[in-house]
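Here is a short briefing on one protein chain. The points are grouped by topic.

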Amino acid sequence: MKTGIKGIRRVSAVAVIAAGAVLNAGALAPVAQAATVATPTITAKGGFVMNNGTGKSLYTKAADTRLSTGSTTKIMTARVVLAQPNLNLDAKVTVQKAYSDYIVDNNWASSARLIVGDKVTVRQLLYGLMLPSGCDAAYALADKFGTGSTRAVRVKSFIGKMNTTAKNLGLTNTHFDSFDGIGHGANYSTPRDLTKIASSAMKYSTFRTVVKTKTTKQKVTTKSGGYRYMEWTNTNPLLGTYSGAIGVKTGSGPEAKYCLVFAATRNSKTVIGTVLASSSVDNRTADAKKLLNYGFAK
């Protein structure tokens with residue numbers, strides 16, 4: 001009888017040990033799985049990624065370091081335009097000689113190739129701004145939506161609106177001194193701030209439609225009352241090459257190097273981020289893809 005009780009105790013002890021092993025293995029399994037998501041290495045000087053739905057940070061590298069932004073500045077240009085009260089996207093804007101002269105004066109800056117005297121809509125200017133990164137389109141929008149009696153005053157007013165918007169978004173490391181990224185010594189932001197600007201802009205359906213467009217053909221009215229077609233191609237290399245890509249904007253320049261604000265959606269999750277001061281066009285794209293992959297894996 002005593003022997004039987006000892007036998008039962010031995011069996012019970014083995015069962016308890018076995019159960020504990022199973023429980024321990026179960027508790028450790030998720031930890032081991034999480035460790036397989038390696039943090040990527042990027043060539044860009046700064047990078048930031050977040051979950052656009054929750055705002056949760058997923059990756060940071062010098063995320064709050066102030067850097068030149070190049071043409072990614074134009075995200076804020078579009079954001080300010082789209083926030084205008086009673087905005088009429090079909091309102092016509094006459095292309096001025098000053099816009100094309102500006103391109104030439106700035107060493108043939110990136111251009112939407114707007115033609116003096118043509119009448120283009122605000123919506124078309126947004127395509128010209130965001131796809132070919134037209135500095136002439138940016139100038140036209142700043143002139144249109146700034147306030148004042150002269151073009152110079154209106155442009156200054158518009159840049160003021162860009163800075164006010166940044167302040168209202170709670171961004172403390174961003175300042176603009178241009179409407180297109182051709183700065184004058186005080187045009188800067190950070191990977192985190194730029195990502196938040198882009199996230200804010202993506203709340204506007206027009207912005208989302210424009211930045212995910214690969215190519216567009218727009219009918220504009222000529223000075224003589226006829227029409228012509230303007231064709232623009234998006235400079236964002238992720239569109240069509242990265243599954244789920246929905247935007248946002250490239251940027252480059254002597255000081256800015258190569259920048260990219262990017263976003264993609266997969267399985268109802270949108271990841272949005274920024275790389276600033278990458279070393280080349282190819283590395284900029286590779287950096288963005290690495291960070292998107294990492295963002296979706298997190």
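Ser-71 sits in the loop between β2 (57-61) and α2. Helices (H or I, at least four residues) and strands (E, at least two) are DSSP runs, numbered from the N terminus. This is a predicted model: local features need pLDDT of at least 70, side-chain atom pairs count only at pLDDT 80 or more, and totals for chains, interfaces and linings use all residues. Residues are numbered from 1 along each chain as its sequence is written, and side-chain values use heavy atoms, with hydrogens and water left out.

- Ser-71 has a relative accessible area of 10%, so it is buried. Buried means under 20% relative accessible area, exposed over 50%, and partly exposed in between (1.4 Å probe, protein chains only).
- Not counting residues up to four places away in sequence, Ser-71 touches Ser-110, Ser-133, Asp-180, Lys-249, Thr-250, Gly-251 and Ser-252. Contact means heavy atoms within 4.5 Å.

**Helix α2 against helix α7**
- Two packed helices are described by the angle between their axes and the distance between the axes.
- Helix α2 (residues 74-82) packs with helix α7 (residues 191-201) at an angle of about 35 degrees, and their axes are 9 Å apart. Axes are lines fitted to C-alpha atoms, for helices over the stretch in contact, and angles run from 0 to 180 degrees between N-to-C directions.
- From α2, Ile-75, Met-76 and Arg-79 meet Ile-197, Ala-198, Ser-200 and Ala-201 of α7.
- The residues of this contact of α2 with α7 comprise five nonpolar, one polar and one charged. Ala, Val, Leu, Ile, Met, Phe, Trp, Tyr, Cys and Pro count as nonpolar, Asp, Glu, Lys and Arg as charged, and the others, Gly among them, as polar.

**Helix α4**
- Eight of the nine residues of helix α4 (residues 122-130) are buried, so the rest of the structure largely encloses this helix.
- The buried residues of α4 include Val-122, Gln-124, Tyr-127 and Met-130.

**Cysteines**
- Cys-135 is buried, with a relative accessible area of 2%.
- Cys-259 is also buried, at a relative accessible area of 0%.
- A disulfide is a pair of cysteine sulfur atoms within 2.5 Å. By this rule the count is zero disulfides.

**The chain as a whole**
- The chain has nine helices and nine strands.
- Of the 298 residues in the chain, 49% are buried.
- Among contacts between residues at least 6 apart in sequence, 61% join residues at least 24 apart.
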